[in-house]
Amino acid sequence: MASTPEDEAFMRLAIAEAAQGDWPFGAVIVGDKKVLEVGRNLARTTNDPTAHAEMVAIRRFVATRDAGELKGTTLYTSGESCPMCMGAILWCGISRVVFGASIDQLATKIEQIMLTDRTVAEAALFAKIAITGGVLAAEAMALFSK
């Protein structure tokens, strides 16, 4: 699925979150063209290696809403999700993921588990999800130089 100007606008919000994280990763959950929740990497701050931006956004969402409300939403993330995060996204029933920098791009800056979102999604026969990648990837990668 191709990206849209709306995707770029929400990705800019994810990148803004990433700029404030422990590592430069940010996420935004969107439904009905509205921001429902945001998250940034807080692994160091919280001493929780699972506190990736996507996980933080999902945890914040379900802290105040029924998890079933994640169905039909889109998650924007500044960097392609790791297998843990992509697994959570699939289990939540999120309908679409839009990422900035790819796993291959991220691996030039940090250690990565070299599984793409698409690979993880294809292994989840129960889930249907649309994936759009490369949205503002250069801007997301630039955060690693700061």
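This is a predicted model: local features need pLDDT of at least 70, side-chain atom pairs count only at pLDDT 80 or more; totals for chains, interfaces and linings use all residues.
Pro83, Cys85, Met86, Gly87, Ala88, Ile89, Leu90 and Cys92 are the buried residues of helix H4.

**Helix H4 and its surroundings**
- The buried residues of H4 pack against quite a list of elements: helix H3, strands S3, S4 and S5, and helix H6 (117–122).

- Five strands make up an open sheet, in the order S2-S1-S3-S4-S5, and their pairing is mixed.
- At the edges sit strand S2 (34–40) and strand S5 (130–132), each of which pairs on one side only.
- On average, neighbouring strands of this sheet are turned by 15° against each other, ignoring direction.
- As a reminder, strands of a sheet pair through backbone hydrogen bonds, and they can do that parallel or antiparallel.
- For strand S1 (residues 26–31) and strand S3 (residues 74–79), the sense is antiparallel, over 4 bridges.
- To find that pairing on screen, look for Ile29, which stands opposite Leu75 in S3.
- Helix H1 (residues 5–18) lies across S1, S2, S3 and strand S4 (96–101), and it runs at about 55° to S3.

**The largest pocket**
- There's about 380 Å³ of space in the largest pocket.
- Its lining takes in 19 residues, and the closest to the pocket centre are Phe25, His52, Cys82, Ile110 and Gln112.
- Which elements give two or more residues to this lining? They are helix H3 (53–64) and helix H4 (83–92).
- By residue type, the lining of the largest pocket divides into 11 nonpolar, 5 polar and 3 charged.

**Trp23, in a loop**
- Trp23 lies in the loop between H1 and S1.
- Is Trp23 buried, partly exposed or exposed? Its relative accessible area is 33%, and because that falls between the 20% and 50% cut-offs, Trp23 counts as partly exposed.
- Trp23 and Asn41 are 18 residues apart along the chain, yet their C-alpha atoms are separated by 5.7 Å.
- Asn41 also turns up among the contacts of Trp23: leaving aside neighbours within four places in sequence, Trp23 is in contact with Ala18, Asn41, Arg44 and Ile110.
- Ile110 links back to the previous topic, being one of the residues closest to the centre of the largest pocket.

Technical notes: Residues are numbered from 1 along each chain as its sequence is written. Side-chain values use heavy atoms; hydrogens and water are left out. Two strands pair if DSSP finds at least two bridges between them. Axes are lines fitted to C-alpha atoms, for helices over the stretch in contact, and angles run from 0 to 180 degrees between N-to-C directions. Contact means heavy atoms within 4.5 Å. On a 1 Å grid over the protein atoms alone, a cavity is a set of points where a 1.4 Å probe fits but cannot get out, and a pocket is an open set with protein on both sides within 12 Å along at least five of seven lines; lining residues have an atom within 4 Å of a point. Grid points are joined across faces, edges and corners, and a volume is the space filled by probe spheres set on the points. Ala, Val, Leu, Ile, Met, Phe, Trp, Tyr, Cys and Pro count as nonpolar, Asp, Glu, Lys and Arg as charged, and the others, Gly among them, as polar. Buried means under 20% relative accessible area, exposed over 50%, partly exposed in between (1.4 Å probe, protein chains only).
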